[in-house]
Amino acid sequence: MNQLRAIILAAGKGTRMKSELPKVVHKIKDQCLVDYVIEAARGAGVGEICLVVGYKHEVVEKNISYKDVYYALQPEQLGTGHAVKCAGDFLEGTGETLILFGDTPLITAETLKRLITYHREKNDTVTVLSAMVEDPTGYGRIIRDPEGNFVKSVEHKDANEEELGSHEINSGMYVFNTKELREALQLLTPNNAQGEYYLPDTLTIIKEKGLRADAFALEDAEDITGVNDREQLAQAEEVIERREHVHF
């Protein structure tokens with residue numbers, strides 16, 4: 001059987017949280033932010049999970065509720081592509097790999113299932129989870145051709161005037177064919193404004209091989225909202241409380 005696994009990026013310090021704790025262990029209702037992401041992945045049918053940790057990784061390992069996960073260390077932060085490369089040993093065999101973030105506690109199993117279903121139905125090699133937003137400032141943009149087909153994902157800093165007009169943003173969450181992800185990571189180069197290894201560049205690498213790269217757009221960006229500061233933490237808590245009331 002094709003295996004579905006997940007890599008969760010959780011190496012960041014989260015300076016804007018103004019706290020000594022790594023960002024992903026900040027809590028909402030007694031659960032670390034990353035616990036919510038692990039829960040969503042498990043609910044979507046993911047087997048093995050690898051957390052890419054860095055800043056104060058022992059604190060992350062000690063605080064999360066789930067003990068049956070693997071860890072990969074990202075000693076220095078050189079971009080999302082570099083973070084996934086650090087989990088290279090975990091990317092063996094065939095099947096599919098989800099790439100998720102440890103600071104997006106609002107992602108749901110339901111949304112991940114929809115992404116995976118779309119990916120399989122379209123026979124994609126990689127599908128990025130995207131969403132339409134009113135103000136896309138600062139986010140990577142999804143660029144489509146006039147027919148609405150996916151062309152590429154471009155970072156805000158590297159986007160031209162026309163590309164900045166796109167309101168469809170890259171959530172940073174993906175589902176990849178594991179083998180093709182492995183091969184694309186080998187070809188990443190840091191030739192961009194930040195001098196980092198960008199994971200979205202793998203989409204172009206995959207497309208240039210003649211394989212399908214695509215974006216699955218959510219109508220609402222709520223599920224992909226990240227937590228970067230105390231205010232966003234409070235907002236995420238409100239959403240989680242609201243959702244709990246809906247379910248009961």
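**Ground rules**

I am working with a predicted model, where local features need pLDDT of at least 70, side-chain atom pairs count only at pLDDT 80 or more, and totals for chains, interfaces and linings use all residues. Residues are numbered from 1 along each chain as its sequence is written, and side-chain values use heavy atoms, with hydrogens and water left out. My helices (H or I, at least four residues) and strands (E, at least two) are DSSP runs, numbered from the N terminus.

**Entry: H1 with H4**

I took H1 as residues 33-43 and H4 as residues 109-121; they pack at an angle of about 50°, with their axes 8 Å apart. Axes here are lines fitted to C-alpha atoms, for helices over the stretch in contact, and angles run from 0 to 180 degrees between N-to-C directions. That angle makes H1 oblique to H4; under 35 degrees counts as roughly parallel, over 145 as roughly antiparallel, 65 to 115 as roughly perpendicular and the rest as oblique. Then I listed who meets whom: Ala 40, Ala 41 and Gly 43 in H1 meet Ala 109, Leu 112 and Lys 113 in H4 (contact means heavy atoms within 4.5 Å). I sorted the residues of this contact into 4 nonpolar, 1 polar and 1 charged. For the classes, Ala, Val, Leu, Ile, Met, Phe, Trp, Tyr, Cys and Pro count as nonpolar, Asp, Glu, Lys and Arg as charged, and the others, Gly among them, as polar.

**Entry: H5 with H6**

Here I found the axes of H5 (residues 178-186) and H6 (residues 201-208) coming within 9 Å and crossing at roughly 110°. H5 and H6 are therefore roughly perpendicular to each other. Glu 180, Ala 184 and Leu 185 of H5 meet Thr 202, Ile 205 and Ile 206 of H6. I count 4 nonpolar, 1 polar and 1 charged residues in this contact.

**Entry: Cys 32**

Is Cys 32 buried or exposed? I get 0% relative accessibility, so Cys 32 counts as buried (under 20% relative accessible area, with exposed over 50% and partly exposed in between; 1.4 Å probe, protein chains only). Cys 32 lies in strand S3, residues 31-32. Leaving out residues up to four places away in sequence, I see Cys 32 touching Val 24, Val 25, His 26, Lys 27, Asn 63 and Ile 64.
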